[in-house]
Amino acid sequence: HGGQRRIMAGLDDLSTSVIELAESGGIVAVPESPQQFYHNARVYEMRGDYRSARRSYLDYFQFGIQFIDPHLRFQQFLKIQEGLVGARETYRWLADQSRGTIVKLALALLWERQLRVNKLRDFLKSFPDFGPGYYLLSQDYSAARVGSQTLLDKRNERENLEKFEDLDGKGKVVRWFLDKGEVADWRSDAESRLSVLGATRYAIDQPVTIYWTGHNTGWTGTIQI
């Protein structure tokens, strides 16, 4: 337990260092620490120097630090620069180089929807306390992803968002983020979507209702969908 506390304290220090570097601006001429490589990657990306940004991202990942948001940002970058197939190949290589769990989750996000959902579910079976995974899975059932939602889509979206909020309350979401501001965006989105789903919760849970009316010749059933 003492070792785990030291690791988590070190990750908090890393997050603070990244914020300080972001406020200072500019490129670190001779980067040595993970936060310096990540800082440079962000700056290069904003400047449009995509080759240097890619190299800095990959140098950051060599440290094997278990944060989810740098991977999500890098994947957005890769999909724009190399397309989905190119991004997937890069992450296959990263997964071969890393023993960490985060990169395997990140690779799962780069498949088509049904395979992605299956891989996310398999990941969460192995790591049921990984809070960010439930938010990521909820997105694949959202109206933004599927368009016209079925009742099953809505039920799955709600269940995963509720699980995300439950684990977030237990501190099992924010610990996986380098940029704590990103967590606030996820929380706001989860709350907003749950509010919409809550308005139709009865219909989601009880999509079909039968009302029976007795009379002299028997019973009449009215089905409400």
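A nonpolar core is a set of buried Ala, Val, Leu, Ile, Met, Phe, Trp, Tyr and Cys residues joined through side-chain atoms within 4.5 Å. The views below are drawn from a predicted model.

**View 1. The largest nonpolar core and its most connected members.** This core holds 26 residues, and I68, L105, F164, F177 and W186 touch the most other members. Two or more residues each come from α5 (102–108), α6 (113–126), α7, α9 (151–169) and α10. The largest share belongs to α10, with 5 residues.

**View 2. Surroundings of I68.** Neighbours within four places in sequence are left aside here. Beyond them, I68 is in contact with I102, L105, P132, W176 and F177. Of these residues, L105 and F177 are also listed with I68 among the core members that touch the most others.

**View 3. Another core, apart from the largest one.**

**View 4. The largest pocket.** The volume of this pocket is about 460 Å³. Its lining is made up of 21 residues, and those nearest the pocket centre are L72, Q75, Q76, K79 and R145. Elements giving two or more residues to the lining are α2 (34–47), α4 (69–97), α7 (131–139) and α10 (180–199).

**View 5. Composition of the pocket lining.** By residue class, the lining of the largest pocket divides into 10 charged, 8 nonpolar and 3 polar residues. Helix α4 gives the most to this lining, with 7 residues.

Note on methods: Residues numbered from 1 in each chain as written. Predicted model: local features only at pLDDT ≥ 70, side-chain atom pairs only at ≥ 80, totals over all residues. Heavy atoms only, no water. 1 Å grid on protein atoms, 1.4 Å probe; cavity = no way out; pocket = protein on both sides within 12 Å on 5 of 7 lines; lining within 4 Å. Points joined across faces, edges and corners; volume = space filled by probe spheres on them. Helix = DSSP H or I, 4+ residues; strand = E, 2+ residues; numbered from the N terminus. Nonpolar A, V, L, I, M, F, W, Y, C, P; charged D, E, K, R; others polar. Buried < 20%, exposed > 50% of the residue type's maximum accessible area, 1.4 Å probe, protein only. Contact = heavy atoms within 4.5 Å.
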